[in-house]
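Let's go through this model together, one label at a time. Each reply sets a value beside its cut-off.

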Amino acid sequence: MESSNQVVCGFLGGTILSVPGGYRVLQHPRPERVFDRIADARWFLAVSFCDHCATPAGILNHEGRVSFQNEAALHLGETIFVPLEQRAAVFNACRLLSSGEMGTYALDRDRQLDLWGIEVDPRYGRVAILRWQNNG
């Protein structure tokens, strides 16, 4: 008797489906693309989530590095998007959030970030998805 363990899960607005040989992301522009690891599929969706934001958005890791930033954040500049001196505090705010919970962080009086703490790859721990709030 053959056992069939299939996984279907939602992640940051996308869907990951287990297939023979790995994991497929239904929203991937190349439908035949299969990721070897579910973490790679999650990373694709995290980057895609940020890339589709109209406001500056990116991924901050536990070392305080912006691992990915969308075009709006690139034009703004990485240290304006998330100032170096605030990165540890921003990441710590994300660590306090439950899975799937969104929080906010005030960079200053006029600028706030929406943030999500997510587990993309268990080998590296949590990352922070950051997005400038759209204030109009």
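Q: What share of the 136 residues in the protein is buried?
A: Buried residues make up 40% of the 136. Buried means under 20% relative accessible area, exposed over 50%, and partly exposed in between, with a 1.4 Å probe and protein chains only. A word on the source: this is a predicted model, where local features need pLDDT of at least 70, side-chain atom pairs count only at pLDDT 80 or more, and totals for chains, interfaces and linings use all residues. Residues are numbered from 1 along each chain as its sequence is written, and side-chain values use heavy atoms, with hydrogens and water left out.

Q: Why does phenylalanine 35 count as buried?
A: Its relative accessibility is 6%, so phenylalanine 35 counts as buried.

Q: What makes phenylalanine 44 partly exposed rather than buried?
A: Phenylalanine 44 has 21% relative accessibility, and therefore counts as partly exposed.

Q: What kind of aromatic pair do phenylalanine 35 and phenylalanine 44 form?
A: Rings of Phe, Tyr and Trp (its six-membered ring) pair if their centres lie within 6.5 Å; planes under 30 degrees apart count as stacked, over 60 as edge-to-face and the rest as tilted. Here the centres are 5.9 Å apart and the planes make 40°, which gives a tilted pair. The structure holds two aromatic pairs.

Q: Why is the pair of phenylalanine 49 and tryptophan 116 called edge-to-face?
A: The ring centres of phenylalanine 49 and tryptophan 116 are 5.4 Å apart and the planes stand at 85°, so the pair is edge-to-face. This pair links distant parts of the chain: phenylalanine 49 sits in helix H1 (residues 38-51) and tryptophan 116 in strand S7, 67 residues apart. Helices (H or I, at least four residues) and strands (E, at least two) are DSSP runs, numbered from the N terminus.

Q: Which label does tryptophan 116 get, buried or exposed?
A: At 12% relative accessibility, tryptophan 116 counts as buried, while phenylalanine 49, at 21%, counts as partly exposed.

Q: How do you know that the buried residues of H4 are on the same side?
A: In helix H4 (residues 87-95), the buried ones are Arg87, Val90, Phe91 and Cys94. They cover an arc of only 95° around the axis, which puts them on the same side of H4; the arc is that of the directions from the helix axis to the C-beta atoms. On the other side, Ala88 and Arg95 are exposed.
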